[in-house]
Amino acid sequence: MVWAPEAPSTPSRPAQGDIAALSRLQALRLLDSGPRGLVEADAEARLLRHGENVLPGRRPVSWPRRLARSLRDPFTMVLLALGLVSALIASWGTAGVIVLLVVASCVLRSNGEYRADRSTAALRELVATTATVRRRPSEDAEPWEREIPVDQLVPGDVVKLGPGDLVPADVRLLRARGLTVHQAPLTGESAPVPKRALDLPEGDDHLCRQGSSVVSGSALAVVAATGADTMLAGSSAAPARRLSAFDRSVNGISWTLVRLMVIIPPVALVANAVLRGRGLEALPFAVAVAVGLTPEMLPVVVTTALARGSALLARGGVIVKRLAALHDVGAIDVLCMDKTGTLTRDRPVLRDSIGPDGDPDPEVLRWAAINSFWTLHLADPPVPDALDEAILLGAPDHGDVEGVDASPFDPVSRVSCALVRDGGAHRVVVKGAVEPVLERCTLSPPDRLRAARLADRLAEEGLRVLAVATADHPADRPAVHRLGEERGLAFAGFVTLADEPSPEAPAALAALSRRGITPKVLTGDHPATAARTCRDLGLSVGTVVNAGELADLSDAELAEAVGRATVVTRCTPEQKARVVRALRARGHTVGFLGDGVNDLAAMRAADVGICPRGAVDVTREAADVVLAAKDLAAVDHAVVAGRRSTGNIVTYLRIALSSNVGNVIAMLAAGLALPFLPMLPVQVLVQNLCFDAAQLALAFDRADPAVLRRPLRLRPRAILRFVVGFGALNAVADLVTFAVLTWVLGVAGAPAFHTGWFIENMLTQAVIMLLLRPISGVSRPLGLATGALAAVGLLLPLSPLASAFGLVALPATSYLWLLAVVGLYGVTLLALTRRRFRDRGRRTP
Ligand SMILES: Nc1ncnc2c1ncn2[C@@H]1O[C@H](COP(=O)(O)OP(=O)(O)OP(=O)(O)O)[C@@H](O)[C@H]1O
Ligand SMILES: [Mg+2]
């Protein structure tokens with residue numbers, strides 16, 4: 001039994017339904033909490049009682065369960081079924097070796113997965129999200145606010161929320177200012193939803209659920225439910241992430257093989273019965289042939305290759321949050337990125353303050369600074385904003401007004417608003433992107449056009465342009481809920497800021513294009529500013545697409561338009577995502593690099609989301625790859641690591657499957673041509689075991705420089721085509737061996753024949769492992785593995801163990817002949833692969 005402190009006075013799990021209907025005070029009372037937060041000791045006791053705030057699906061998986069899961073793998077299932085069939089006909093040797101194969105691959109696999117999971121979990125921990133919680137050290141101490149890991153939150157905790165925060169649990173709002181949340185993961189609605197801390201609740205305006213995220217505004221809230229008690233945990237919408245491109249490819253290959261494995265034994269049996277009059281005695285052989293097809297080590301090689309790549313990256317500060325994402329990074333052929341901080345330094349400096357007529361006007365800056373000061377000041381918790389900070393730095397003294405209310409910058413409406421008391425009068429001050437501000441102003445059409453032209457001219461210099469407008473606000477009108485919806489403003493003018501291009505960006509962009517990756521810039525900024533910045537960085541800009549113009553296009557037209565463009569400007573968060581989806585629909589593998597709340601939707605839509613460690617919580621949570629800094633060169637490192645790992649996996653698949661397919665064809669053919677079985681089941685299986693062990697070395701192989709030059713994706717069809725071709729060649733080598741054994745060496749009797757073929761098989765396997773790769777260099781593990789294979793093949797028949805496996809010593813001439821066959825096979829293979837891999841630059845596997 002789990003010990004838990006007794007606390008009968010606290011209701012242990014208040015039902016969600018209860019909280020929803022209660023006033024703020026009643027809700028706090030039900031949760032036995034207060035506006036000053038929980039006492040630390042109480043929070044600790046609650047943590048023991050309620051458990052960590054972790055969704056059930058995210059808990060670490062135990063050893064036995066991991067082992068059970070690897071048994072559920074389709075290969076393992078077929079292998080076990082074949083083992084069972086062997087046991088039923090009392091073919092104990094075959095059954096035993098199959099069980100050994102299954103156990104070895106399951107143990108290796110769960111161990112590999114365990115290690116990989118543990119290291120990814122440790123890496124994820126480094127970028128884990130935290131929540132700002134209000135707690136007290138003791139009953140009568142003053143509350144303090146601190147960041148704690150989200151999993152430590154308990155019901156009753158009082159938390160603060162700001163833009164970019166994940167809602168860490170199901171919460172009831174106590175106070176909210178301009179709060180909008182994105183709750184698509186729960187409800188599917190893509191637009192942010194406004195939330196209010198109503199005292200007498202109606203609907204669910206006053207509730208925010210785990211899984212949603214704050215787009216704008218700020219709030220104080222009490223945690224109502226955590227972990228498995230949250231609505232997200234209870235809904236079917238819970239974690240289930242879509243299968244990545246990589247998983248789909250691996251599954252595709254696996255299922256093709258599984259189908260073959262199921263078909264082979266009956267086909268072999270029937271053929272043997274019809275052509276050779278053999279009965280059930282051929283069954284163990286038929287089973288062994290099917291087993292011979294399985295790439296048992298596939299899961300192990302995949303996990304090892306990916307884990308190795310991600311461990312190397314982690315040393316350079318690049319964190320891959322799920323292993324399969326590493327493959328997807330290597331497959332990226334379009335990298336979408338935001339502008340600010342990626343292409344520029346994100347250190348804006350105030351330039352000018354310009355009136356509607358184009359002349360300098362300090363009054364505009366004063367209003368901009370008032371807006372910046374109060375939106376920053378009234379936000380709770382404060383939200384850093386580089387533009388606001390730059391404006392305040394450039395205009396420290398902005399007069400004597402007092403802030404009443406504010407709604408901080410919101411990436412959807414693209415404005416920020418402050419309501420201030422200026423002397424006796426109230427005034428709204430709006431600042432934001434040019435179009436939405438001009439739209440809210442009372443201007444004659446010619447004046448509006450003139451203002452827009454002026455903004456264009458300023459932006460063409462690469463400056464960031466913010467429009468400023470103000471309006472009187474009747475003092476008796478209460479502070480409006482959504483300040484951003486003010487209309488009928490008086491246009492004040494523009495302030496401009498310079499954000500220098502990043503000095504590293506040009507080289508990094510050039511490096512990306514050398515890797516076959518097309519960069520695309522999706523920005524919320526003005527078209528002219530974005531175009532100028534991109535040009536300064538040496539990007540060929542072409543036509544600049546304004547996201548607003550894309551609204552009326554169909555998905556296909558949109559895909560066409562953004563396929564050609566390098567820069568898409570004035571994007572709202574949803575438009576960024578739409579562009580990403582359109583590019584994916586055109587068959588691109590799309591990466592998205594960004595760090596803001598406005599990048600979240602696009603990050604989720606992309607094949608791979610990438611963000612810097614300093615990104616807001618939601619973005620970091622959604623990203624697959626987290627960089628130490630917002631640095632395109634680090635993206636390049638991740639791409640290289642991804643391609644290297646995928647390259648090793650592709651090589652493994654080609655080698656393992658080509659040799660397996662070749663052996664299967666040869667065995668089936670020889671089985672029909674010979675009066676005896678061409679190999680004993682136990683020999684097939686032992687040989688298979690040796691191959692599997694040796695092929696593990698391929699996870700540690702070197703990278704092919706050509707593979708690093710273009711996007712690399714696991715393509716099941718291409719791999720299967722390759723395998724059929726080279727498998728057939730392998731079968732030819734085997735058949736030539738049979739001919740030599742039978743006609744040249746005049747081998748009589750099964751044991752000598754079996755031995756000859758066993759030796760040839762082990763040697764050709766070593767040759768394949770060395771030659772069926774795109775590079776000629778040999779890594780140490782590979783050298784050792786192939787050496788060991790050859791040694792086992794040549795020496796096992798001479799060893800005392802030989803009789804146990806039905807092998808016999810052969811005369812020296814046989815060895816010479818076998819070596820000659822293998823040599824010939826090697827030369828043919830070399831000629832074919834060199835030709836194939838030479839123009840590999842134009843082809844991907
Ligand atoms: N704090 C702010 N106050 C007022 N207006 C702002 C503020 N921040 C941004 N804007 C305006 O809103 C526009 C869109 O901002 P958003 O954050 O969506 O994109 P961005 O930062 O310009 O570009 P990117 O997506 O490349 O980072 C900006 O170009 C600017 O005109
Ligand atoms: Mg931004």
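**Strand pairing and a charged patch in a predicted model**

Methionine 337 has leucine 593 in β20 as its bridge partner. The model is predicted: local features need pLDDT of at least 70, side-chain atom pairs count only at pLDDT 80 or more, and totals for chains, interfaces and linings use all residues. Residues are numbered from 1 along each chain as its sequence is written, chains are lettered from A and ligands numbered from 1 in the order in which they are written, and side-chain values use heavy atoms, with hydrogens and water left out. Helices (H or I, at least four residues) and strands (E, at least two) are DSSP runs numbered from the N terminus.

**The eight-stranded sheet**

- An open sheet of mixed pairing holds eight strands in the order β9-β22-β21-β20-β10-β17-β19-β18.
- The edges are β9 (319–320) and β18 (544–546), and each has a single partner strand, so one side of each lacks a neighbour in the sheet.
- Two strands count as paired if DSSP finds at least two bridges between them.

**Strand β10 and its partners**

- β10 and strand β20 (residues 590–593) run parallel and are joined by four bridges.
- Strand β10 (residues 334–337) also pairs with strand β17 (residues 518–522), in the parallel sense and over four bridges.
- Within that pairing, valine 334 has threonine 518 of β17 as its bridge partner, and cysteine 336 has lysine 520.

**Strand β15 and its partners**

- Nine of the 10 residues of strand β15 (residues 464–473) are buried.
- β15 is joined by seven bridges to strand β14 (residues 425–432), and the two run antiparallel.
- Seven bridges also join β15 to strand β16 (residues 490–498), again antiparallel.
- Threonine 470 in β15 stands opposite valine 429 and has alanine 490 in β16 as its bridge partner.

**The negative patch**

- Asp352, Asp456, Glu460 and Glu461 form a negative surface patch.
- Patch residues have over 30% relative accessible area and no salt bridge; like charges are joined within 9 Å, and nonpolar side chains (Val, Leu, Ile, Met, Phe, Trp, Tyr) within 5 Å.
- A salt bridge is a side-chain nitrogen of Lys or Arg within 4 Å of a carboxyl oxygen of Asp or Glu.
- Aspartate 456 belongs to helix α16 (residues 445–460) and is partly exposed, with a relative accessible area of 32%.

How values were computed:
Accessible areas come from the Shrake-Rupley method with a 1.4 Å probe; for residues, only the protein chains shown count as cover. Lys and Arg count as positive and Asp and Glu as negative; His and the chain ends are not counted. The place of a charge is taken as NZ of Lys, CZ of Arg, CG of Asp or CD of Glu. Buried means under 20% relative accessible area, exposed over 50%, partly exposed in between (1.4 Å probe, protein chains only).
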